[in-house]
Amino acid sequence: MPRLVEAIMEAEKEAARIIQEAEKEAKRIIEEAEEEAKRIIEEAKKTPVEVSVMEDVDEEVREIVERAKAKAEELRKVASERMSYLVDEVVREVLEGEWGGSS
Amino acid sequence: MSGEEAVSVNRDSEAIVRAILKMAEDRASAIRREAEKRAKEIIEAARREAEEILRSRRERAEREMREEIARKRSAAEVEANQIILTTKSELLKEFFRMVHERLAAIAEGQDPKWNYEEILLRYSLEGAGVLGEKEVYLMGREKDRSLLEKVVRRMGKEGVRAHVDDRAVPIIGGVVVRDAGDERRYYNTFDGRLRAYREAKEIDIIERLFEGV
């Protein structure tokens, strides 16, 4: 009988060692996973993000300003043509209209 | 203990030992499986968080780029409006400079379409009428003195006693009519008429100059 008890005690020691090893391995597995999780999150924070907004705003800005300059030129041309007869009309209105005479 | 009994004890102890070890290995396997399952959950959660971080960063970058585009577009529109407004302002200034120049030419008698003496007579009679005076003084440019003397004579024929004031006024043309005591004045100068006209009609002139462009 003492040999049976001794064998059981040895077996229990071995069983405890097996479980302790498994627990150590489990701890290592989880720690590795946590490290990997940190790495994944850090990488997501650092990875350059690509933006899918494709508008060429610089070209559009140039066009807006160029259109305004072209319109300004057109204004100069049209106004210059109209000025000569408008000056005559306005001079007449200024001299003959109801604009003067403040007392 | 007989030989048979010894063999039986040995068999029992081996069975017990195997059972103990089997239980331990089963337990160890369960611990490993649980750890692997937990590790997988941790990695999956991290991947989900990483995707959320990337999505959020991408959205922010797109929003910032859209805002930058809107800012640039808005600045360009402001610049464009400024170009148009400056051009209109310059042209309007040029237009009224031309009107001013033409009025000055009329006052110098250089415009055959206009008789400056007639204008002075009309403005002077109008002034006398508004003041309601039978005796008035006319103030004008120093160089208009002789013309004003003629106007005075013509006003006399119209029943208004007029004089040329000794003082001259710095104007483009026209006349200031005052009563004898210089208590009331009636300003009928080109300068005043042009100023009043511009105040009242500038928007109309802008439309006439730039309509349709």
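Chain B of this predicted model has a secondary structure that comes to four helices and four strands, and from the N terminus on these elements follow the order α-α-β-α-β-β-β-α. The radius of gyration of chain B is 52 Å, well over the 17 Å that the globule rule gives for 213 residues, so the chain is more spread out than a compact globule. In keeping with this topic, the C-alpha trace of chain B spans about 175 × 35 × 25 Å along its principal axes.

Chain B is divided into two parts, domain 1, which comprises 3–110 together with 202–209, and domain 2, which covers 116–193. Taken over C-alpha atoms, the centres of domain 1 of chain B and domain 2 of chain B are separated by 77 Å.

| Between domain 1 and domain 2 of chain B | Value |
|---|---|
| Buried area | about 540 Å² |
| Share of buried area from carbon and sulfur atoms | 66% |
| Salt bridges | two salt bridges |
| Polar contacts, both residues at pLDDT 80 or more | three residue pairs |

Turning to individual residues, B:E108 forms a salt bridge with B:K143, in which the closest N and O atoms lie 3.0 Å apart.

Terms used
Residues numbered from 1 in each chain as written. Chains lettered and ligands numbered in written order. Predicted model: local features only at pLDDT ≥ 70, side-chain atom pairs only at ≥ 80, totals over all residues. Heavy atoms only, no water. Domains from an automatic or database assignment. Buried area = accessible area lost by both parts, 1.4 Å probe. Salt bridge = Lys/Arg side-chain N within 4 Å of Asp/Glu carboxyl O. Polar contact = N/O pair within 3.5 Å; in protein donor to acceptor, adjacent residues only side chain to side chain. Helix = DSSP H or I, 4+ residues; strand = E, 2+ residues; numbered from the N terminus. Rg over C-alpha atoms; globule rule 2.2 N^0.38 Å.
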